[in-house]
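Me: I have a chain open and want to go through its contacts with you. Can we start with charged pairs?

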Amino acid sequence: MNTSATLNYEDDDRDISKQEKIVSQMNSDSDSSDGGQDTSKQKQDIANKNTDDPKKYWLSKVHPELNTDKCIDMNFDSRLKTTIFSGLMYVVRAPISKGVSVKKVKCGYYYYPKNGDDKSNSISTSAILWIHGGGRVMGSAGGMLDEVCSKIVMQFNLPVLSVHYRLAPRHPFHAGLDDIHSGYHWLVEHIAKESGSNSARIAIAGDSAGGGLAAEICQRLYDEHKASTTQTIPLPACQLLINPMLDDRTCRSEQLSSMPPHLVWNHKSNSYAWKSYLGRKYKPGDEMIPQYAAASRRTDLSGLPPCYILIGDLDLFHEESKDYATRLEEHGVEIELDEIVGGFHGTMSNNLNDQPIVDAWARCHAFSKKYIFD
């Protein structure tokens with residue numbers, strides 16, 4: 001497994017994950033009196049951080065080149081909150097990069113490089129399907145995503161389909177995944193129509209919940225392709241998982257729930273989101289949940305597309321991302337795990353101009369070009 005990280009923030013404590021360090025110190029069982037005192041002190045330290053100023057605790061660990069002005073500190077734990085936020089994400093239009101055009105299509109928004117007559121490049125057979133974040137309970141394919149998607153177009157010089165999908169709790173699993181599945185088929189057909197070729201090379205990418213959904217749709221498409229004798233839809237060329245929401249069992253982690261609430265996306269928001277997405281029949285952490293509902297639940301990962309995973313070590317999803325990357329490698333999937341030291345949730349979409357994120361997007365581009373570039 002290839003790994004990379006931003007290492008220009010030197011700190012002796014950065015050699016291991018902050019989450020692992022805190023948890024191991026809290027749960028260590030020492031027979032010596034000194035060790036017991038250290039553990040007790042650490043537990044009290046965590047308790048103080050929880051009650052005093054947990055946000056300050058995490059901000060002290062953030063990479064110094066990452067701007068925290070957009071670091072929203074709230075619990076997305078109700079339908080009212082998520083509905084309001086989704087509305088804002090749709091209504092508020094972010095700036096679109098020069099040289100990029102956008103049009104609304106039946107399955108979302110299609111961003112593409114301009115040329116002289118303001119039409120998409122009809123030669124390329126490559127594209128990116130982008131799945132927005134928001135815990136599967138909020139978000140929008142357009143609006144505030146205009147800036148992110150248009151910058152991806154500029155970075156990759158390829159069209160991007162930002163796919164619309166229905167949100168929980170009104171539309172629990174598998175409604176949203178069905179919409180993404182339809183969006184993928186639309187993009188394949190669009191490429192064939194524009195280029196005259198049936199050999200589309202598509203990277204499926206997404207941020208946060210979108211990263212988890214990207215992993216899940218890759219699993220579903222692979223199984224469909226394997227089961228069919230007449231399958232003509234090409235498989236995704238690669239998957240780009242940004243701060244991915246992969247595992248419902250994280251909601252049941254006593255270790256994480258005992259820590260100060262994480263920046264941007266915390267344990268409480270995560271629990272609400274998974275409960276909403278799984279619906280009334282299932283709960284996060286149940287022994288059995290539906291296939292494709294949570295990517296990390298899949299036992300056999302062999303055959304899946306090459307995968308790039310970006311995760312910050314201050315992210316609630318840090319451990320589940322590392323675990324998924326390790327298991328992909330064990331099953332023979334090419335994987336690059338890119339960890340940002342001092343990185344928190346949402347930076348790849350909200351901190352586009354910060355140097356660590358600029359560098360991370362460059363590494364993502366370098367990985368994907370082996371699979372999707374002409």
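Reply: Arg-220 and Asp-178 form a salt bridge, with the closest N and O atoms 2.8 Å apart. A salt bridge here is a side-chain nitrogen of Lys or Arg within 4 Å of a carboxyl oxygen of Asp or Glu. The pair links distant parts of the chain, as Arg-220 is in helix H7 and Asp-178 in helix H6 (residues 175-195), 42 residues apart.

Me: What is this model, and what are the ground rules?

Reply: It is a predicted model, where local features need pLDDT of at least 70, side-chain atom pairs count only at pLDDT 80 or more, and totals for chains, interfaces and linings use all residues. Residues are numbered from 1 along each chain as its sequence is written, and side-chain values use heavy atoms, leaving out hydrogens and water.

Me: Arg-220, buried or exposed?

Reply: Arg-220 is buried, at a relative accessible area of 15%. Asp-178 is partly exposed at 22%. The cut-offs are under 20% relative accessible area for buried, over 50% for exposed, and partly exposed in between (1.4 Å probe, protein chains only).

Me: How many salt bridges does the structure hold?

Reply: The structure holds 12. One of them joins Lys-268 to Asp-77, with the closest N and O atoms 3.3 Å apart. Lys-268 lies in helix H9 (residues 267-278) and Asp-77 in the loop between helix H3 (54-59) and H4, so this pair ties together parts that are 191 residues apart in sequence. Helices are DSSP runs of H or I with at least four residues, strands are runs of E with at least two, and both are numbered from the N terminus.

Me: What about the largest nonpolar core?

Reply: It has 106 residues, of which Leu-129, Trp-130, Ile-204 and Tyr-324 touch the most other members. H7 gives the most to this core, with eight residues. A nonpolar core is a set of buried Ala, Val, Leu, Ile, Met, Phe, Trp, Tyr and Cys residues joined through side-chain atoms within 4.5 Å.

Me: Which residues does Ile-204 touch?

Reply: Leaving out residues up to four places away in sequence, the contacts of Ile-204 include Leu-129, Ile-131, Tyr-184, Ala-214 and Ile-217. Contact means heavy atoms within 4.5 Å.

Me: And the whole chain?

Reply: The chain has 12 helices and nine strands. Of its 374 residues, 56% count as buried. Among contacts between residues at least 6 apart in sequence, 78% join residues at least 24 apart.
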